[in-house]
Amino acid sequence: MPVEFLTDEQAAAYAAYRGAPSRTELERFFFLDDADRELIESKRRAHNRLGYAAQLTTTRYLGVFLDDPADVPVEVVDHLAEQLGIGDPSVLNVYGERENTRLEYVRELRRVLEYREFAEAEAELRAWVDARAWTTGEGPKALFDAAAGWLRERRVMLPGVTTLTRLVATTVHLTTRAVDDALDLLEVLIATKLLAKAERETVKEKMKTLPRVERASGEAGDRIPGRVRHHERTGRHRHPFKQKHAGQLPLTPRPSANDHRTASAVPPYRRATAGKPTRRRGMPTDHQRTRHPGRRVRRGAGR
């Protein structure tokens, strides 16, 4: 069965040889330096030395320890045997006969090469895959291959194909959802920005009409004092709009003593002279005019 987004062939090729390595790969991953030769030469028999070298270089190339070192391509075995001076590369088949020896060599290589378990680097790998998915937009298969390469470069033992596939699939799914949420948020922000811009334009239009309103109100305010003085001169200042407090009744004219309907409103000290003509101080009375025509009356006379 295919493992999620991987086909059967792709899942089978994971952490395994896919044919013979190229000449460049042989020189890069299967070359034995002095440190490698020192470890290998400590083994006594030829098949152990060749098997140990095959495990060492295969782990460097694939990132896993092979259950059966005999699964190494012939080109790799010949390349290693030539470097070790072993004339018969077929002795490798004898290496897997003793299980304890193979497991002992695997533990030694894990310690010497300083390989880490996948659980120790899982969180770091998940963050790296997430960042790569954001920046590159690669699909699950490309991210899967890149994750396997990342583990090999950092000397982390490759997990099972299902474990790594689920990690990549989960990260891609979460990244896709995050991108969708970010796009939705971007649409909301754009819509909000457009609405805010429209509101600012409306406010600007209103502010353009404000100077005209201010000028009109100023002109009306300038005319109020003149209108008030005009009303005071013409006696219209008692109009109800001149009330001191809102809701107060308009002032009524002062009652006349000749008006019998308002006579009760005249104070008692004025009722005696009500209806009599008034005269200015120093003017002669009617009696004085008839007895002494043309005579001026002294100030205070007639009191």
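## Basis of the model

Because this is a predicted model, local features need a pLDDT of at least 70 and side-chain atom pairs count only at pLDDT 80 or more, whereas totals for chains, interfaces and linings use all residues. Residues are numbered from 1 along each chain as its sequence is written, and side-chain values use heavy atoms, with hydrogens and water left out.

The pLDDT, which is the predictor's confidence in each residue on a scale from 0 to 100, averages 75 over the protein, and 57% of the residues score at least 70. Among the elements, helix α5 (residues 74–84) has the highest mean pLDDT, 94, while helix α11 (residues 268–271) has the lowest, 53. Where pLDDT is low, the predicted coordinates should not be read in detail.

## Overall make-up

The protein contains twelve helices and zero strands, where helices (H or I, at least four residues) and strands (E, at least two) are DSSP runs numbered from the N terminus. Of its 303 residues, 27% are buried; buried means under 20% relative accessible area, exposed means over 50%, and partly exposed lies in between, with a 1.4 Å probe and protein chains only.

The accessible surface comes to about 21700 Å², and 53% of this surface belongs to carbon and sulfur atoms; such areas come from the Shrake-Rupley method with a 1.4 Å probe, and for residues only the protein chains shown count as cover. Among contacts (heavy atoms within 4.5 Å) with a separation of 6 or more, 65% are accounted for by residues 24 or more positions apart.

After α5 comes Gly85, whose phi is positive, near 75°.

Ala133 is found in helix α8 (residues 118–136) and counts as buried, with a relative accessibility of 12%. When neighbours within four places in sequence are left aside, Ala133 is in contact with Leu143 and Thr175. The C-alpha atoms of Ala133 and Thr171 are separated by 8.3 Å, although these two residues are 38 residues apart along the chain.

## Aromatic pairs

A search of the whole structure finds nine aromatic pairs. Rings of Phe, Tyr and Trp (its six-membered ring) pair if their centres lie within 6.5 Å, and planes under 30 degrees apart count as stacked, over 60 as edge-to-face and the rest as tilted. The rings of Phe29 and Tyr61 have centres 5.2 Å apart and planes at 65°, so this pair is edge-to-face. Since Phe29 lies in helix α2 (residues 23–29) and Tyr61 in helix α4 (residues 46–62), the pair ties together parts that are 32 residues apart in sequence. Both Phe29 and Tyr61 are buried.

Tyr95 and Tyr105 form a stacked pair, with 6.0 Å from centre to centre and 15° between the planes. Tyr95 belongs to helix α6 (residues 92–95) and Tyr105 to helix α7 (residues 99–113), so the pair ties together parts that are ten residues apart in sequence; both tyrosines, Tyr95 and Tyr105, are buried. Ring pairs also link Tyr17, Phe29, Phe30 and Tyr61 into a cluster.

## Charged side chains

Side chains of opposite charge can pair when their charged atoms come close. A salt bridge is a side-chain nitrogen of Lys or Arg within 4 Å of a carboxyl oxygen of Asp or Glu, and by this rule the count comes to nine. In one of them, Arg60 pairs with Asp36, the closest N and O atoms being 3.0 Å apart. Arg60 lies in helix α4 and Asp36 in helix α3, so the pair ties together parts that are 24 residues apart in sequence. Arg60 counts as partly exposed at 26% relative accessibility, whereas Asp36 counts as buried at 6%.

Glu108 forms a salt bridge with Lys43, with the closest N and O atoms 3.4 Å apart. Glu108 lies in helix α7 and Lys43 in the loop between α3 and α4, so this pair ties together parts that are 65 residues apart in sequence. Glu108 is buried at 17% relative accessibility, and Lys43 is buried with a relative accessible area of 10%. The charged end of Lys43 also sits over the ring of Tyr52, 4.4 Å from its centre; for this, NZ of Lys or CZ of Arg must be within 6 Å of the ring centre and within 35 degrees of the ring normal.
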